[in-house]
Structure formats: structure tokens, C-alpha cells
Amino acid sequence: GPPRGVWGGRGGGGDVEFVIGLRTIPTADVRAYLTLDQSTYLTFKNVETDGGDRFVSWRQDEWRDTRTVLVSALADSAFQDVTDSGTRVTTLRLVSQSIDPFYNTANYRPVTVTTVDNDKAALIIDPATDLKVFEGAPREMTVRLATKPQLMADGLSGHDVTIQLLPDMQLEVNLPRLTFTVNNWDRPQVVLVSGKDDTIVEAAEHIGNLAFRIVTTDPEYTKLSVPPVRVTVVENDSNQVTKFISHWGDKLSPMSPFGAVAVTIPTGAFNISGANITVREDEPQPAAGDAAPPKLGTQGFRVSGTYSFLPHHQTFRMPVQVAMEYDEQAAALAGGELAFYRSAEDIGGPWERLEGGVFESGLASIFTPTFSLYYVGASTPSPPPPIQNPPPPLDPCLGLEKAKDDTVSVTEYLLIGVLVAENLAAVVGMVMYVVWKRRLRPHVVHVNEDGSTPFGGASLKSFRTKGRSGGEPSVPMIAAEASSRDPPALPLMGLPGPHDSRRDPPPSEDKNKWGGQV
């Protein structure tokens, strides 16, 4: 210390002890005032007081004596403290007062005071060791805080401490998290821990771990790291189960509860005597996302366990249903085309692919009339046939053409004869029709005065025909007087000959009997 004073301190128990003395003989009484930068959690013992001041003093003749001052934590002395406040640091300062100018307002080296809390933040877990659980069977575990969370800066509300429970793949818990406050920090909360009831046949006892993560704003619990609790899990699954099945049927699986594989035998599949049925796991399902290589005679990667249904070659009066779980992710990676594969009685094969089966949401099932070994495999689908260009449209006459043949068949002769006869009949009919029509039409004949015609040699008489009664002509005609100067009339198609009314007077109606008739 300074040349005119000496002091030092040492820790012991819950107090820090400081010894203060004078180096020289003062000329007057001396006081040494003590202060702390942070006095909310520390106090002085073995000191005198003057109002709010704390000090120690010497009379002039006591300068050889020392004064022992204790710095003590208020917690656990002035009040019960259950909070881990961590390590706190403050400064103790000393100033002397005296009429002696050498000790008047002398400042001395400050001293750092470190306070370490004896309450430690921690989790109290019961049981924390030797915890054994069964698959699917829960067991109680209690958790609480070892200390009360610290108060906030306002001194009224406190920090919350949340404990997240993180079981591994072997364990299950009923609560994902626990929350503690300044009000319930010391009350144990119950957690149910159980082994995960899977469908994987494992060792009779295997290990699981339950980890903890602390989420809080409390400065001490934020720094806390809690080691995981080691839990022993007792297996409840078996790789084989045998059961007598009567004619009423039943469902059988080596897993508890049913899972991984099962066989359903309907009522009536057995006769009244029944039989012992065994389901056995010969190969476990590959790890998640993995597929086992194809077996002999197959192209399907195994994505399920391999199971024997015994006795081999057992037949039933009606099909039974075989069902097993498969890994959808591994199946997709292996190609995605799923099928059941069967071996007659040996896991070494040969194996055959079965048609049918239902594959949905990781569960495959198929109906079979007989027992053997089964597994689910995945393969790459067969590529579709190549797309070919469509053929050109067919000629409607294609294939109807025949080789030319100059030979005329009997049918063709008949057809030709019919056509010729039809045309000949048409021609003959037309000619007869024309002749008949001409006979019905009147003819105009020019007759001379002497009864002769301009054609020569013919007389009017020759144009008459005897009527059927009274001598009337059968063909009507017109007889007219003709001049020798007139050109001959052409009796074609019944057309009259030329006649000039300016040169020839009209014929007299009384010259002959036939004139003027039409």
C-alpha cells in the first residue's frame, strides 16, 4: 500500500477478510472510510458507522494496532438466496481522514472483490442413471431446476427456462418441452419415457439416449449444458412366432403390435383340425433409404425384409393374405416398379416374380394359396416400345386389282347377252312405235283432175281402202285438186307439199267425194 498505510485481504468461507494498519505514528486520531462500488449484494462487518458511512479508527496511541474488516455477501446471511447469480465483481475503496496532514484525504489502492454464488444452476433429473424401459411401455421421469431463475432488470419479473426433450430413434417421450418460471422452478414435472415400439428385431436390450436443450434468457441457465440420460430399452419384438390357427382363422405377426410382416388367414381356410403356423424373419429390412441387391433369378432390389411362412408348401382351401412393410424411398431410388418375389423353400432361390399385389403407403399385400418365402422388390420399369411413324393411308382400291385375264367367263357372256338383248329390244320397240305412230297420222296427197297423182301410175283408187262397213277408208286422207304445174308433194312424215294460193285457186269441194276431209 501507500507508504503511510498498509492493508490486505484474504477469502474465507462466505466472507472476505481485510486487515488494515498504520505505518507511522500519526499526530492525531485517524479514520479510514470504506466504500463498495456495488453494495446491493455485499456488506461490511466489524466496522463503525456514522450515518451511512462505514469506517475504522485509531487513536494516536493505537497506531500499532490493526483493524480487521469483513466483507460479506448479503445472500444466505441477510436473506435466503436460491438463485444462481453467477460470479460478480466489484471494487472496495479506502480513504483516510485526520488532522494529521499526512493522513488527511489520503487515497489508497482499490481492491477488487469477486463474489462467487454458492447456488448453481442445474437440472435435477430423477432417475438420471440406471433407467430401463420396455418398447411401448412408458416409465416416469421427473425434471426440475436446481435454482430459481434470476429476476429481470426491473426486479419484478423473472426469466423463464424452457427445457426441450430430444429423444433419439430408440426412445419416445410424451412431452416435447418443459417450462419453468420463478414460481414453479422447484416443482418436479413428470415426463413419460418409453422405448420406441418399432417393427425391427434388435438385441434383447439396446441403448437409447435422451438429450436436453435449454432455451432461456437467464444468464446462468444459458451457459448450462446438460449431459444426455442413457436409457436401456428392452426389445419386445421377435424374429419368429408360431401359433395354432383353427378353422376360424386368425392374424399372425412376430411383432408387437402388428407390424413389418403379418399373415391373415380367413375363416374356412383350414378344415376343422387347424394347423400350427410360423412366421419368421430371415433377413431384416435394409437401412432407411437403402435397397439390397437382387436375388438369384430376379431384377428386383429388395426393399423389405425377407420372410418365411411355414410350413412350406402349406396349401389352403381359400387364399390367405400376406402383408409386409417396404421402404418407399429406397423403392423410388431402385426404379419404382414394385412386385412380390417368391422362393419355393430356400432363401438361396431361385426366386420368381409374382403378378398382382397392392402397394400403397409403404405397405404391400398379396393373396396366395400356398406358403413359401416372400419379399418386396423394386426394379426399373421396362422401356416402352419405340414410337414408329404411322403407315401411309391405304389405297381403297389396293388389293382389289386382279391380273388381266383375256378369257371371257360364262358369267360375262351371260351379262353381255342380257345387255345386248335389252338394247335390241329397246331398238325394236322404238321402230315399232314410230311405225305405229306414222300409220295413225294423216297423209296429204295431191291428185290430178283425172284421178292420177303426180307420182305417176298411181290413182286415187289405189289410195283408198275399203272400210269395215259402208266402204269408208280406214286411213283418213285429204284429196285435193292439183295443178300439173305444181311440184310433187313429199309425203314424208305426213308433211304437206307446197301450195301457192296466188296462182292456184282453192280446190272445189264438189269435185270428188274425199276433198275437204281431214
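These notes cover the sheets, the nonpolar core, the salt bridges and one surface patch of a predicted model.

1. Four strands make an open sheet, and their order is 11-13-17-15. The pairing is antiparallel. Strand 11 (123-126) and strand 15 (171-173) are the edge strands, and each of them pairs on one side only. On average, neighbouring strands of this sheet are turned by 30° against each other, direction ignored.

2. **A closer look at strands 11 and 13.** Strand 13 covers residues 139-145. Strand 11 pairs with strand 13 over four bridges, in the antiparallel sense.

3. **Strands 14 and 16.** Strand 14 spans residues 161-167 and pairs with strand 16. The sense is antiparallel, with four bridges. Thr162 and Thr179 stand opposite each other, Thr179 being in strand 16.

4. **Nonpolar core.** How many residues does the largest nonpolar core have? The count is 32. Val263, Ile265, Val303, Phe309, Met324, Phe340 and Val376 have the most contacts inside this core. Several elements give two or more residues to the core, among them strand 22 (261-265), strand 25 (306-310), helix 2 (328-333) and strand 27 (337-343). Strand 30 (363-370) and strand 31 (373-379) are also on that list. Strand 26 (315-325) supplies the largest share, four residues.

5. **Salt bridges, buried pair.** The structure holds 13 salt bridges. One of them joins the side chains of Arg67 and Glu62, at 3.1 Å from N to O. Are these two residues buried or exposed? Both Arg67 and Glu62 are buried. Arg67 and Glu62 also belong to a network of salt bridges that links them with Arg59 and Asp61.

6. **Salt bridge Lys243 to Asp250.** The closest N and O atoms of Lys243 and Asp250 are 2.6 Å apart, and the two residues form a salt bridge. Lys243 has a relative accessible area of 35%, so this residue is partly exposed. Asp250 counts as partly exposed because its relative accessibility is 29%.

7. **Salt bridge Glu283 to Lys295.** Glu283 and Lys295 form a salt bridge, with the closest N and O atoms 2.9 Å apart. Where do the partners lie? Glu283 is in strand 23 (residues 275-283). Lys295 is in the loop between strand 23 and strand 24 (301-302). The pair links distant parts of the chain, 12 residues apart. Lys295 is buried because its relative accessible area is 15%, and buried means under 20%.

8. **Nonpolar surface patch.** Which residues form the nonpolar patch on the surface? They are Met430, Tyr433, Val434, Trp436 and Leu440. Together they have about 550 Å² of accessible area. Val434 sits in helix 3, which covers residues 410-440. With a relative accessible area of 38%, Val434 is partly exposed. Why partly exposed? Because 38% falls between the cut-offs: under 20% is buried and over 50% is exposed.

Technical notes: Residues are numbered from 1 along each chain as its sequence is written. This is a predicted model: local features need pLDDT of at least 70, side-chain atom pairs count only at pLDDT 80 or more; totals for chains, interfaces and linings use all residues. Side-chain values use heavy atoms; hydrogens and water are left out. Two strands pair if DSSP finds at least two bridges between them. Axes are lines fitted to C-alpha atoms, for helices over the stretch in contact, and angles run from 0 to 180 degrees between N-to-C directions. Patches are made of residues with over 30% relative accessible area and no salt bridge: like charges are joined within 9 Å, nonpolar side chains (Val, Leu, Ile, Met, Phe, Trp, Tyr) within 5 Å. Accessible areas come from the Shrake-Rupley method with a 1.4 Å probe; for residues, only the protein chains shown count as cover. A salt bridge is a side-chain nitrogen of Lys or Arg within 4 Å of a carboxyl oxygen of Asp or Glu. Buried means under 20% relative accessible area, exposed over 50%, partly exposed in between (1.4 Å probe, protein chains only). A nonpolar core is a set of buried Ala, Val, Leu, Ile, Met, Phe, Trp, Tyr and Cys residues joined through side-chain atoms within 4.5 Å.
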